[in-house]
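Subject: Structure handover

Hello,

Here is the structure I said I would pass on. My notes on what was found in it follow below.

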Amino acid sequence: MSIFQKMLAVGLPSNVMELLAVSPTPLTASAHDALLTDAPRGYPDVLYKLGMSHLHRQEMGLARQRLAEAVNAKPSFVAARVALASACDLLAQHADAIEHIDAVLELVPARTASNTARPNRYWLLCAAGFCLERMGDSEAAKARYAEAVSIDAHDLFAPYRLAAIALASNELEAAVHHYRQILDQHPQEQAVRISLAHVLQLLKQHQEAVWEYEKAL
């Protein structure tokens with residue numbers, strides 16, 4: 001099944017930071033040191049900026065510490081929680097990342113499309129699903145992705161991941177279903193159409209496979 005996984009990985013975000021469009025902040029050494037001096041005062045904005053600077057420096061442990069302090073000081077600080085979830089994910093602390101994502105989910109509108117500013121509900125659900133996948137809980141991940149699709153059927157990330165989970169579990173009929181959902185919205189997705197044709201061959205639905213190959217051509 002590696003061919004399908006390679007196809008599905010092309011162009012997709014590979015971590016929570018990318019999924020939630022978190023942009024670490026580059027600071028000069030003097031600006032970073034100034035924040036370190038102010039950090040003991042416990043101001044959430046200062047701690048957040050310091051955490052984002054550590055994140056840019058790839059000092060993940062320090063980034064997690066400062067962002068956690070910002071969240072503790074101000075639990076409704078959405079940007080800090082999202083950045084903290086990203087840091088936890090990069091540290092392979094996926095359960096902690098989900099905890100912070102779920103806290104943000106309680107603060108965002110119930111239905112927001114994927115093309116609105118992040119973090120929004122669609123991408124938060126995708127991020128939680130992605131963490132659940134890496135924790136090995138594919139059923140819970142599928143539930144998050146399915147909810148994301150119900151919010152926005154046009155974005156590809158959630159249906160791509162649903163198809164990937166189906167392939168990894170050898171649930172070929174389910175993979176066909178997800179592929180067809182993608183092609184209904186994006187008929188020009190050639191990699192999906194070729195993958196669909198491959199799966200139809202494995203299901204011995206040869207005429208349908210030929211038809212999909214011809215459409216790809």
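Ser53 is buried, with a relative accessible area of 1% (buried means under 20%, exposed over 50% and partly exposed in between, with a 1.4 Å probe and protein chains only). Ser53 belongs to helix α4; helices here are DSSP runs of H or I with at least four residues, strands are runs of E with at least two, and both are numbered from the N terminus. Leaving out residues up to four places away in sequence, Ser53 touches Thr25, Leu27 and His32, where contact means heavy atoms within 4.5 Å.

Before the rest, some notes on the source. This is a predicted model, in which local features need pLDDT of at least 70 and side-chain atom pairs count only at pLDDT 80 or more, while totals for chains, interfaces and linings use all residues. Residues are numbered from 1 along each chain as its sequence is written, and side-chain values use heavy atoms, with hydrogens and water left out.

Helix packing

Two packed helices are described by the angle between their axes and the distance between the axes. Axes are lines fitted to C-alpha atoms, for helices over the stretch in contact, and angles run from 0 to 180 degrees between N-to-C directions.

α4 and α5 pack at about 160°, and their axes are 8 Å apart. That makes α4 roughly antiparallel to α5 (angles over 145 degrees count as roughly antiparallel, under 35 as roughly parallel, 65 to 115 as roughly perpendicular and the rest as oblique). Their crossing is left-handed, that is, the near helix is turned anticlockwise from the far one by less than a right angle; clockwise would be right-handed. Among the residues that meet here are Tyr48, Gly51, His54 and Leu55 in α4, and Met60, Ala63 and Arg66 in α5.

Ala63, in α5, is buried at a relative accessible area of 0%. Apart from neighbours within four places in sequence, Ala63 is in contact with Gly51, His54 and Leu55. Ala63 and Tyr48 are 15 residues apart in sequence, and their C-alpha atoms are 8.9 Å apart in space.

α5 also packs against α6, at an angle of about 150° with axes 9 Å apart. α5 is therefore roughly antiparallel to α6, and this crossing too is left-handed. Met60, Arg64 and Leu67 are included on the α5 side, and Leu84, Ala87 and Cys88 on the α6 side.

Nonpolar cores

A nonpolar core is a set of buried Ala, Val, Leu, Ile, Met, Phe, Trp, Tyr and Cys residues joined through side-chain atoms within 4.5 Å. The largest one has 51 residues, and Leu55, Tyr122 and Cys126 are among those with the most contacts inside it. Helices that each supply at least two of its residues include α4 (44–56), α5 (60–73), α6 (78–90) and α8 (121–134). The largest share, 10 residues, comes from α8. Leu55 touches Met17, Val22, Pro24, Met60, Ala63 and Ala87, not counting residues up to four places away in sequence. A second, separate core of 16 residues includes Ala166, Ile182, Leu183 and Ala209.

Cysteines

How many disulfides are there in the whole structure? The search finds zero, a disulfide being a pair of cysteine sulfur atoms within 2.5 Å. The closest cysteine sulfur to that of Cys88 is in Cys131, 9.0 Å away and too far for a bond. For Cys126 the closest is also in Cys131, at 11 Å, again too far. Cys88 is buried at 0% relative accessible area, and Cys126 is buried at 0% relative accessibility.

Regards
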